Amino acid sequence: MAAHEVNRMPKEPHFMDPSTIFGQTLHNGQPAHLFISPHQYVQGHGVLDRLGEYLAISLSGSVGVLITPGRKKNLGERISKSLTSAGFRVSETVFQGESTVEEVRRAAEFFRTCETPIQAVIGVGGGKCLDAARMAALQLGISTVCIPTTASTDAPTAAHSVLYDEHGVFQSVEFSPVSPLLVLADVDVLAAAPERYLVAGMGDAFSTYFEARCCMENPQGRTARGARPTRAALAIARQCNDVLLECGAAALEELRSKQIGPALHQIIEANILLSGLGFESGGLAGAHAVAQGLTVINELHEKFLHGELVAIGIMAQLILEQRMDEADTAIRFMKSVGLPLHLGQLGFDPHQRDAELDLIVKHALDVFFIRNEPFEVTKENLKAALLKAYDFGRRYRPV
Ligand SMILES: [Zn+2]
């Protein structure tokens, strides 16, 4: 789309869209199988205070920090202290709130003009701040470090970022040639975030296996990089699903009683690492296409978190695929952790809002990964699945 083209980040010629490379077919008529991951993922209590030590294994000199205002207040000093004690010089700038072309350029320019050239950009905050940090690093041709402060999505481990306009409207996806050098998941920091974020993260993570399975089963299925998925990614996605079913409700109890235990540890790993590896190298399908389609309705886009919309997408996908046993298991799980079961819980009755439902369907069908479903998804069958998922969710009574 023209508007999207205008807002893409200008790139050096060697920064190509990876799907033009990995999407190419080989002698057997299929693209290569591709598995990518961050270089290091570190999770634990208080790992934030060891950031400098972890980075000093591979880097030295200067590093840049892009941090949200709230996190600067309560974590900024700890981060600087850890980095300077490990011998790093630190240049810090505060994230301006939206992952736009202008913000990425501003941050990149700030880091470019630092006294000594910086070796990595460290993003500290929510998804948009990490996206901007990754794109600033891409502009500078250096590494990224992601320090998520909520476990609400699986984006921190990925090598791509989303660009928005100044109103927060999606513009484009930007691929980095390399994955993050380090993803640091400090369990104490993540457990201090509001409960809703952890629950939304479970919604995002719970779709991973169902979507990766589509991509694997459909010979035409492709990951976002145009490649075929790997068995490794599918196994990780399966493990992600198992952990959620086993530990989701217990993790919430631990969070509420402020007793961080094994369940919360495992859910943080599932939400960030297992889901991140599973979706990036396993591929997406109907659930995320529906979630993206739902953002066309302003009230849904503004009021609900990504993982909450993905939960709606999961039910639509399983019903579209006529996997009713799994739909039963899924709805039981979603109820147990407080994810939305149907669109009515988001204040949207699809039976009453036909024209908007058509719009949601149209946008979902425009998303390329809907074609990873192992059969043709049409306007008719997707709309019917969304209506049926709504009725199914409304009728659900826990036994
Ligand atoms: Zn997602």
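Reader: Is R106 buried, partly exposed or exposed, and why?

Author: This is a predicted model, and in it R106 counts as partly exposed because its relative accessibility is 28%.

Reader: OK, and which side chain does R106 meet in a salt bridge?

Author: That's E103, at 2.8 Å from N to O.

Reader: What about E103, buried or exposed?

Author: Buried: E103 has 5% relative accessibility, and the cut-off for buried is under 20%.

Reader: How many salt bridges does the structure hold?

Author: There are 20. One of them pairs R196 with E308, with the closest N and O atoms 2.7 Å apart. That pair ties together distant parts of the chain, R196 in helix α8 and E308 in helix α13 (residues 306-320), 112 residues apart. R196 is partly exposed at 40% relative accessible area, whereas E308 is buried at 9%.

Reader: Switching to helices. At what angle do α9 and α14 pack?

Author: About 15 degrees, with the axes of α9 (residues 231-256) and α14 (residues 324-337) 9 Å apart. So α9 runs roughly parallel to α14, and the crossing is left-handed.

Reader: Which residues meet there?

Author: On the α9 side, L244, L245, G248, A249 and L252; on the α14 side, T329, F333, S336 and V337. By class, that contact has six nonpolar residues, three polar and no charged.

Methods
Residues are numbered from 1 along each chain as its sequence is written. This is a predicted model: local features need pLDDT of at least 70, side-chain atom pairs count only at pLDDT 80 or more; totals for chains, interfaces and linings use all residues. Side-chain values use heavy atoms; hydrogens and water are left out. Axes are lines fitted to C-alpha atoms, for helices over the stretch in contact, and angles run from 0 to 180 degrees between N-to-C directions. Helices (H or I, at least four residues) and strands (E, at least two) are DSSP runs, numbered from the N terminus. Angles under 35 degrees count as roughly parallel, over 145 as roughly antiparallel, 65 to 115 as roughly perpendicular and the rest as oblique. A crossing is left-handed if the near helix is turned anticlockwise from the far one by less than a right angle, and right-handed if clockwise. Contact means heavy atoms within 4.5 Å. Ala, Val, Leu, Ile, Met, Phe, Trp, Tyr, Cys and Pro count as nonpolar, Asp, Glu, Lys and Arg as charged, and the others, Gly among them, as polar. A salt bridge is a side-chain nitrogen of Lys or Arg within 4 Å of a carboxyl oxygen of Asp or Glu. Buried means under 20% relative accessible area, exposed over 50%, partly exposed in between (1.4 Å probe, protein chains only).
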